[in-house]
Amino acid sequence: MTIDRDKIAAEAFFLYAETYLPSEVTREETLAALQLCADGTARATPSVATYVFRPSALTAVVGERVYPGSVALESTELYLTNQGFRDHLTTEEFRTGLRAMYKGTRRLGARLFWIGARPASDMLHNIFRSDPEARPIATVREKIFDADVYGQTSNADVVIVSLLCPVEPGKGAVAIDLVDAMAAQLTTISFAAFFHPLAPDLMRVFFVAPVNDGQTAAQIAERVAPLAGIVAPSSRMLGTCQTHRDRADLAAALSAAFQATDADWQVMSGGYSGYISHPSISTDDVG
């Protein structure tokens, strides 16, 4: 399968979602259902480049404002083409997982946001069916997909880093400058930064990036660290980092590197559903 770069440039978008659940038990049930969805997506739609669902202390901060006492999942889905979005809805695994999620997990709520190209009308109807309040996000900085970095990176070396920064009043412009500098210094497949629609004092940053000889864990930590300078007094920057399931070594290296930053970090090699980078797509698949 070849995915045309022009089509990616015109159609690629993220769905960023936050799911709020009443307990850790229902969170695990939801993750199990989402893994079924991910199995079908990975098998049938290589143009879905990232499709990952994970527990998130960052999302729980927003969840406490909306659903006190809830636990939370954060999901990041990157659709390179409109057809990829449509196709991922049709697999039997996806339909089975979706039925399990809606019938058995008793979600308190979910908020969906999209970043990038506007989804086609039929796709928007599907998105709003999942969350009637779904909205586009105006980003501070975004890179939807870098095909060259993606194709040149081993799947096992790809991580997703997510940050929450409570911005000190008066430092909004500084925050944007720091994000611009960080995005320019990092080698990333995808990058997005935005002020959270439900909590405008919170800036959210996430990026999908390789960690290898070309970009080490220490370098990523060094480039993230300056964001702590815009954090409001009596607050802390929160960070999560998810590695491939088989990369406990990489998780340990990142955890050690992040200890040097002024933030609270959760680094995991397991405990998620889906995939950070599609297990089979390569640079040959993007023409």
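So, strand 7: it is mostly covered, with 9 of its 9 residues buried. Buried here means under 20% relative accessible area, exposed means over 50%, and partly exposed is in between, with a 1.4 Å probe and protein chains only. Helices (H or I, at least four residues) and strands (E, at least two) are DSSP runs, numbered from the N terminus.

Before I go on: this is a predicted model, where local features need pLDDT of at least 70 and side-chain atom pairs count only at pLDDT 80 or more, while totals for chains, interfaces and linings use all residues. Residues are numbered from 1 along each chain as its sequence is written, and side-chain values use heavy atoms, leaving out hydrogens and water.

Back to strand 7, then. In a regular strand the side chains alternate between the two faces of the sheet. Here both faces are covered: Val-158, Ile-160, Ser-162, Leu-164 and Pro-166 are buried on one side, and Val-159, Val-161, Leu-163 and Cys-165 on the other.

Which strands does strand 7 join up with? Strand 9 is one, running antiparallel to strand 7 with 9 bridges, and strand 10 is another, also antiparallel, with 5 bridges. Two strands count as paired if DSSP finds at least two bridges between them.

In helix 9, residues 217-224, the buried ones are Ala-217, Ile-220, Ala-221 and Val-224. They cover an arc of only 100° around the axis, which puts them on the same side of helix 9; that arc is of the directions from the helix axis to the C-beta atoms. An α-helix has 3.6 residues a turn, so residues three or four places apart point the same way. The buried residues of helix 9 pack against a list of elements, including strand 7 (158-166), helix 8 (172-185) and helix 10 (248-258). Contact, by the way, means heavy atoms within 4.5 Å.

Helix 10 has Leu-250, Ala-251, Leu-254, Ala-257 and Phe-258 buried. Looking down the axis of helix 10, those buried residues fall within an arc of 130°, so they line one face of the helix. What do they pack against? Strand 7, helix 9, strand 10 and strand 11.

Buried or exposed? At 0% relative accessibility, Thr-243 counts as buried. Leaving aside neighbours within four places in sequence, Thr-243 is in contact with Val-159, Leu-250, Ala-251 and Leu-254, among others. Thr-243 also sits 7.9 Å from Ala-156, C-alpha to C-alpha, although the two are 87 residues apart in sequence.

Ser-234 is another loop residue, between helix 9 and strand 10. Ser-234 is exposed, with a relative accessible area of 86%. Most residues other than glycine have a negative phi, but Ser-234 has a positive one, near 65°.

Strand 2 (48-55) and strand 3 (71-79) are antiparallel, with 7 bridges, and Val-48 stands opposite Tyr-79 in strand 3.

Pro-22 is in the loop between strand 1 and helix 2 (24-44). At 38% relative accessibility, Pro-22 counts as partly exposed. Outside four places in sequence, Pro-22 touches Gly-69, Thr-105, Arg-106 and Leu-108.

Last, the whole chain. The secondary structure comes to 10 helices and 12 strands. The radius of gyration is 18 Å, close to the 19 Å that the globule rule gives for 287 residues, so the chain is as compact as a globular protein of that length. That radius is taken over C-alpha atoms, and the rule is 2.2 Å times the number of residues to the power 0.38. Of the 287 residues, 54% count as buried.
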